[in-house]
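Hello,

Here is the structure I promised to pass on to you. Please open it first, and then read my notes below alongside it.

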Amino acid sequence: MATTSFPDASPRKKKTAAAADPVGRDPIGAPDGATPEAACTAHVSPRTLAVRAAEPEFARQFGLSADEVCGRGLLELLRSPAPGQLREQFTALSSGRCRRFRERVTGRDGEGRNFAAEVTAIAVRQPTGEVVGLVVLLRRTEEAAGGGPVLTALDAQVLEGVASGESTVQLASRLYLSRQGIEYRVGQMLRRFDAPNRPALVARAHALGMFATGQWPPRVLPERVR
């Protein structure tokens, strides 16, 4: 009796085969688990740190298309308070001295505004241990580029009014809110900024670099508004 044989569909063998993908494949997707929620992904050359491929959402963070971001140097797109340290971390990743790292960085969007983000970089290895690619996961954070708080557009207007000396009634009239609505928003910011009163709130906001320098009436910096 003739028998028909079928290819072995064992999940274990499929997983082993996937690990031996050729160097040129470079698919979008993160090893060692799924991409974190709200993160966008790019694949980067371990030798030059140039972007090889990217999800459209990754490119949009910088005001670029997926095609335009390819070939860009990652360290030109992302900045760190310690640039030398960030480069050293990528060097260690590319050389195989570490498997992954996470770092807080800043970027610049298509309108020239800074944004804060968290980057996770992961080495992609061949079974031999050779590093053939880097996967970079970028996730925007609520922090502003300088590490301070970020306000909604309406809260920023309320804070600007308080800083310029407007009363609750004046703010309510100008922003088309009730007096209770203004008081609620001011109260929320007092707690958030750990300030006992409005003058202390303004002083605290100045200390945190919330306002543009040398400008009257006071204006909250664009990168502090989401």
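A polar contact here is a pair of N or O atoms within 3.5 Å, where one must be able to donate a hydrogen and the other to accept it. With that in mind, please look at T120, whose side chain makes such a contact with the side chain of R102, at 3.3 Å. Do keep in mind throughout that this is a predicted model.

T120 sits in strand β4, which covers residues 114–125. Its relative accessible area is 8%, so T120 counts as buried. Leaving aside residues up to four places away in sequence, T120 touches R100, F101 and R102, and also V135, V136 and L137.

Next, the aromatic rings. How many aromatic pairs are there? The count comes to 3. One of them joins F62 and F115 in a tilted arrangement, with 5.8 Å from centre to centre and 50 degrees between the planes. F62 belongs to the loop between α2 (56–60) and α3 (66–69), while F115 is in strand β4, so this pair ties together parts that are 53 residues apart in sequence. Both F62 and F115 are buried.

F90 and F101 form an aromatic pair that is edge-to-face, with 5.0 Å between the centres and 85 degrees between the planes. This pair links distant parts of the chain: F90 is in helix α5 (residues 83–95) and F101 in strand β3 (residues 100–108), 11 residues apart. F90 has a relative accessible area of 2% and is therefore buried. F101 is buried as well, because its relative accessible area is 8%. You will recall F101 as one of the residues that T120 touches.

Two further points concern F115. Ring pairs link F115 with F58 and F62 into a cluster.

Finally, a word on confidence. The protein has an average pLDDT of 81, and 80% of the residues score at least 70. Where is confidence lowest, and where is it highest? The lowest is helix α1 (residues 11–19), with a mean of 41, and the highest is strand β2 (residues 51–54), at 96. Over residues 1–37 pLDDT stays under 50, and the model has 35 contacts beyond four places in sequence for this stretch. Where pLDDT is low, the predicted coordinates should not be read in detail.

Happy viewing, and best wishes

Key
Residues numbered from 1 in each chain as written. Heavy atoms only, no water. Helix = DSSP H or I, 4+ residues; strand = E, 2+ residues; numbered from the N terminus. Buried < 20%, exposed > 50% of the residue type's maximum accessible area, 1.4 Å probe, protein only. Contact = heavy atoms within 4.5 Å. Phe/Tyr/Trp six-rings, centres within 6.5 Å; stacked < 30°, edge-to-face > 60°. pLDDT = per-residue confidence, 0-100.
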